[in-house]
Amino acid sequence: MSLAEANAFAFSLATSLMVSIVIFRAGDGTLTVVPADEYDGDTSEIVGEIDPYAR
């Protein structure tokens, strides 16, 4: 998934679920999104975070 697609997907999830979403680079180099409270990987792999409550 491209960065633009990952951002759009993360924003959609964040606003639907009303939770923070983390965009990170997986071990194979692909971008993936997951709720922030479920991410237990290396913080250096985080590309971005979408917080639905941030203004």
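In which strand is Val22 found, and what is Val22 in contact with beyond its neighbours within four places in sequence?

Analyst: This is a predicted model, in which local features need pLDDT of at least 70 and side-chain atom pairs count only at pLDDT 80 or more, whereas totals for chains, interfaces and linings use all residues. Residues are numbered from 1 along each chain as its sequence is written, and side-chain values use heavy atoms, with hydrogens and water left out.

Val22 belongs to strand S1, residues 21-25. Strands (E, at least two residues) and helices (H or I, at least four) are DSSP runs, numbered from the N terminus. Val22 counts as buried because its relative accessibility is 3%; buried means under 20% relative accessible area, exposed over 50%, and partly exposed in between, with a 1.4 Å probe and protein chains only. Beyond its neighbours within four places in sequence, Val22 is in contact with Thr32, Val33, Val34, Ala36, Tyr39, Ile46, Gly48 and Glu49, contact being heavy atoms within 4.5 Å. Its C-alpha atom is 14 Å from that of Met1, 21 residues away in sequence.

Strands of a sheet pair through backbone hydrogen bonds, either parallel or antiparallel. Here three strands form an open sheet in the order S2-S1-S3, and the pairing is antiparallel; two strands pair if DSSP finds at least two bridges between them. Strand S2 (31-35) and strand S3 (46-50) are at the edges with a single partner strand each, so one side of each lacks a neighbour in the sheet. From one strand to the next the twist averages 20°, where axes are lines fitted to C-alpha atoms (for helices over the stretch in contact) and angles run from 0 to 180 degrees between N-to-C directions.

S1 and S2 run antiparallel and are joined by five bridges. Across them, Val22 stands opposite Val34, and Arg25 stands opposite Leu31. The two strands form a hairpin with five residues between them, and in the turn Gly29 has a positive phi of about 95°. Although S2 is an edge strand, four of its five residues are buried, so S2 is largely enclosed by the rest of the structure. Pro35 is in S2 and counts as buried because its relative accessibility is 18%. Pro35 touches Val19, Ser20 and Ile21, residues up to four places away in sequence not being counted.

Phe24 is buried because its relative accessible area is 15%. Neighbours within four places aside, its contacts are Thr30, Leu31, Thr32, Val34, Tyr39, Glu45, Ile46 and Val47. A search of the whole structure finds one aromatic pair. It is formed by Phe24 and Tyr39 and is tilted, with 4.8 Å centre to centre and 50° between the planes. Rings of Phe, Tyr and Trp (its six-membered ring) pair if their centres lie within 6.5 Å; planes under 30 degrees apart count as stacked, over 60 as edge-to-face and the rest as tilted. This pair links distant parts of the chain, since Phe24 is in S1 and Tyr39 is in the loop between S2 and S3, 15 residues apart. Tyr39 counts as buried because its relative accessibility is 17%.

In H1, Ala6, Ala10 and Ala14 are buried. Seen down the helix axis, the buried residues of H1 fall within an arc of 65°, so they line one face of the helix; the arc is that of the directions from the helix axis to the C-beta atoms. S1, S2 and S3 are included in what covers these buried residues. On the other side of H1, Ala4, Phe11 and Ser16 are exposed.

Met18 lies in the loop between helix H1 (3-17) and S1. Met18 is not a glycine, yet its phi is positive, about 55°. Met18 is partly exposed because its relative accessible area is 36%.
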